[in-house]
Amino acid sequence: MSSPELGEVILDLKDLRVWFPIRRGLIETITGRPRLYVRAVDGVSFEIRRRETFCLVGESGCGKTTTGKALLRLVPITGGSARFRPSKEVAEELERRGVEFDEDGMVDIFKLTDKQFHPLRRDIQMVYQDPYGSLNPRFRVRDILEEPLIVHKIGETRSERLEYIARALEMVKLTPVSEFVDRYPHQLSGGQRQRVAIARAIIMNPVLVVADEPVSMLDVSIRAEILELFNILKERIGLSFIYITHDLSTARYVCNRIAVMYLGRIVELGPADDVIQDPQHPYTEALVAAIPEPDPRNRARMRDIKIKGEVPSPVNIPPGCRFHPRCVLYEAALKRGEPWAKLCTQAEPPLVEVKKGHYAACYKHEAARPKGFTG
Ligand SMILES: Nc1ncnc2c1ncn2[C@@H]1O[C@H](COP(=O)(O)OP(=O)(O)OP(=O)(O)O)[C@@H](O)[C@H]1O
Ligand SMILES: [Mg+2]
C-alpha cells in the first residue's frame, strides 16, 4: 500500500522494554542467584502517523502482543517512553487532571498515574484475535456498545447513546441496525462478532486502534472484508492502526509500513512493499521465502527457507546479534572469513537506514558497523 496522505505523528515509541520477572524458588533466593527475566520486549522504537496502518510481524513469542498491550498499559513497563498525541476532548480532560504536554503537544503515556491515564483509554483501543472470548455472552449488542460510553460519560441520555451505537454499527456495516442491536453474541456469525468488537473500539472515536491478529480466527472468505473495513475506517475517520500478525502476505495489503520483530526487537522496518520485495535482514528474507506461493511456477522458492532451528528462549537471549545462531548469512560470512562476521557475536547491531525510509539491524550493512571498522 502506498501512503501519500499520512498526517502528523500520533505516537512516538522509544526503547520500550517489558521484562517479566521469573518467580524465584526458595533455593534461588537463599543462594542469592540473580533474578531472571523474560525479555518479551527489549528495546522497541517506532513512530506512527495519522491514517497510517503500521504492521508488527514476527514468529510466535517475539513480543508483538506485549508491545500492543504496553501502549494500553496492560503490562508493567520496564523502560522506555511513549509520546502520544491525544484527541481534542481527551487533551482537555488531561489538562483538567494536571497533565503537562511537551512542546509538540504530546504526553508520555508511561509517565502518567493510573488516574491520569484513564481518559486516554478512549483514544487507544484494542481489538483482539478472538471475537468469541472478547464479547460478554450475556450482553446484547446494544449493551456491549453502550458500556464504554457510560464509562467515559459520552452521551447524556439513553437515546443519545443509541445514536452513537447506531452510527458505529453503520460504520462497521451491521445494517439494518435494528436487526442487530438486540442480538446476543451467540446469535451472530464470527465475522459479525468481530464487526461488533470493531464497533466497540471505534464508538469513542479513538486516535489509535491496536488490532491483534484480528482476522486469524475468521473464515478465509470474510478475512478480506474485515481488512477492507479497516482501510475504510482509516480513510473515513482518520484512524491509525497497529496491525499485529504473523502473516506477512496479508500485511502487505493492509499496511503502509511493516516492522519485523525477532525476540523482542525490531530487526527491519520499512515501506510494506519494499520490505517484502527487497528485504534487508536475513530473518525477513527467510520469512518472505516462507510465504506460500500460489503460482506453481514459483513454488521452488518455498523450499528455499534460509533459517535454522527454533527461536531461543527470551530468558536466555544470545549475545551479540540475537539472530546469529540461526543465521545462514552469518555462517557463510564466517566461512568466507569476512571480518564483519565477528561483530555478530559481539554486540547488538543497531537499526540503521539502508534505503530511503527502510531500516535494518544487520552487520552485512556497512552502516551498522562501528565507525572506523575495517576488520
Ligand atoms: N504476563 C507474562 N508473564 C511472563 N511472560 C510473558 C507474559 N506475557 C507474555 N510473556 C512472554 O513474553 C514473550 C512474548 O509474548 P507475546 O505474547 O508478546 O508474543 P507474540 O509475538 O504476541 O506471540 P504470538 O504470535 O504467539 O501471539 C513470550 O515468551 C511470552 O511467553
Ligand atoms: Mg500475540
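1. Start with the second largest cavity in this predicted model: by class, its lining has five nonpolar, one polar and three charged residues. The residues around it are Arg265, Ile266, Val267, His281, Cys321, Arg322, Glu348, Pro349 and Ala361. The space inside comes to about 60 Å³.

2. The largest cavity is worth a look next, with a volume of about 70 Å³. Its lining has ten nonpolar residues, two polar ones and no charged ones. You'll find His281, Pro282, Cys321, His324, Cys327, Leu329, Tyr330, Trp340, Cys344, Pro349, Cys362 and Tyr363 there. His281, Cys321 and Pro349 turn up in this lining and also in that of the second largest cavity. As for the count, the structure has two cavities of 30 Å³ or more.

3. Now over to ligand 1. It has 13 residues around it, and Ser60, Gly61, Lys64, Thr65 and Thr66 come nearest. Split by class, the shell holds five nonpolar, six polar and two charged residues.

4. A few contacts to check on screen: a polar side-chain atom of Ser60 sits 2.5 Å from an oxygen atom of ligand 1, and one of Lys64 is 2.8 Å from a ligand oxygen. Gly63 uses its backbone instead, with an N or O atom 3.0 Å from an oxygen of ligand 1. On its own ligand 1 would expose 640 Å², and the protein buries 61% of that.

5. Which elements give two or more residues to the shell around ligand 1? They are strand 2 (37-49) and helix 2 (64-71). Helix 2 gives the most, with three residues.

How values were computed
Residues are numbered from 1 along each chain as its sequence is written. Chains are lettered from A and ligands numbered from 1 in the order in which they are written. This is a predicted model: local features need pLDDT of at least 70, side-chain atom pairs count only at pLDDT 80 or more; totals for chains, interfaces and linings use all residues. Side-chain values use heavy atoms; hydrogens and water are left out. A residue is near a molecule or strand if one of its heavy atoms lies within 4 Å of it. A polar contact is a pair of N or O atoms within 3.5 Å; within protein, one must be able to donate a hydrogen and the other to accept it, and residues adjacent in sequence count only if both atoms are side-chain atoms. Accessible areas come from the Shrake-Rupley method with a 1.4 Å probe; for residues, only the protein chains shown count as cover. Helices (H or I, at least four residues) and strands (E, at least two) are DSSP runs, numbered from the N terminus. Ala, Val, Leu, Ile, Met, Phe, Trp, Tyr, Cys and Pro count as nonpolar, Asp, Glu, Lys and Arg as charged, and the others, Gly among them, as polar. On a 1 Å grid over the protein atoms alone, a cavity is a set of points where a 1.4 Å probe fits but cannot get out, and a pocket is an open set with protein on both sides within 12 Å along at least five of seven lines; lining residues have an atom within 4 Å of a point. Grid points are joined across faces, edges and corners, and a volume is the space filled by probe spheres set on the points.
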